Amino acid sequence: MFTAAVALAVGAIPEGLPAAVTITLAIGVGRMASRRAVIRRLPAMETLGSTTVIGSDKTGTLTENQMTVRVVWTPDGRFDATGSGYWADGEILDSSGRAGNAHAGALHWCLLAGAACNDAALVHRDGRPGVVGDPTEDALLVVARKAGLDLERDVAAALPRLAALPFSSERQYMATLHAVPRQVRRVLLAKGAVERILTLCTKEMSADGSLRPVDRDAVLAAAENLARAGLRVLAMAMKRVCATEQFDGSSMSTPLAFTGLQAMFDPPRRDAAAAVRACHGAGVASR
């Protein structure tokens, strides 16, 4: 009866229609504002009401944009990294749950390549860890610290950088040349896409530091398994070179030794799951 009365009133007095619509919209805006939703243009409401799929980037939107290395894979074994974000609280554990020896063979050079062939830096702001640089490179620094490597003593001082070949989309890897104090020979480190790094490698490093022919099939299979788990995978390689050897784009054609893979994960935002559930409840489908 109330609805019929309103309809009759509006029909009898057309001049009251704008006022009724305005009041109705004002009530709706008030309810939406209480839920932190303010619409500036009415057509946006129609668009939102008919939305069935939302396209969004992942990094920084659904995730925290704090890459965290979860797995370090070497030719002689897999190591899991605990902890999350940029805090260095965590360990590098082997398959039996024991702490991995970060100063031995392939694991050492895999972590060292990630930390030294790197342009990022870890900082502290207001007592909290922060980063300067690319989040992917930041993750490589953090996992090296979790393994017990001191970034100043074991990286900057032990392997001072002499030259760098920056990453590019065409090259798909980054390489750096480092001096070794009190030694004539130098060290060349590289990190990048798995397939690209493998084309530069003829050897792989074992747990004791010795070299053997690289098993490309095993490396690619490990990288694929890590990628299927939702991890981003980078490959690491190294080579000891003479001091007289030139370092440029062509020098990377000389064989390197594959040391391992580092697979990282970007933690989701705490409120991302609730937002996705709310979208599902509103009829927005997943793809």
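**Salt bridges in the predicted model**

1. Asp80 is partly exposed, with a relative accessible area of 31%. The model under review is a predicted one.

2. Asp80 has a salt-bridge partner in Arg78, and their closest N and O atoms are 3.1 Å apart. Arg78 has a relative accessible area of 43% and is therefore also classed as partly exposed.

3. A second salt bridge joins the side chains of Lys191 and Glu137, with an N to O distance of 2.9 Å. This pair links distant parts of the chain, since Lys191 belongs to strand E8 (residues 186-192) and Glu137 to helix H5 (residues 135-146), 54 residues apart. Are Lys191 and Glu137 buried or exposed? Both residues are buried, which means that each has a relative accessible area under 20%.

4. Asp150 and Arg153 also meet through their side chains in a salt bridge, at 4.0 Å from N to O.

5. Which residues are linked in a network of salt bridges? The network consists of Asp76, Glu204 and Arg212.

6. For the structure as a whole, the search finds nine salt bridges.

Technical notes:
Residues are numbered from 1 along each chain as its sequence is written. This is a predicted model: local features need pLDDT of at least 70, side-chain atom pairs count only at pLDDT 80 or more; totals for chains, interfaces and linings use all residues. Side-chain values use heavy atoms; hydrogens and water are left out. Buried means under 20% relative accessible area, exposed over 50%, partly exposed in between (1.4 Å probe, protein chains only). Helices (H or I, at least four residues) and strands (E, at least two) are DSSP runs, numbered from the N terminus.
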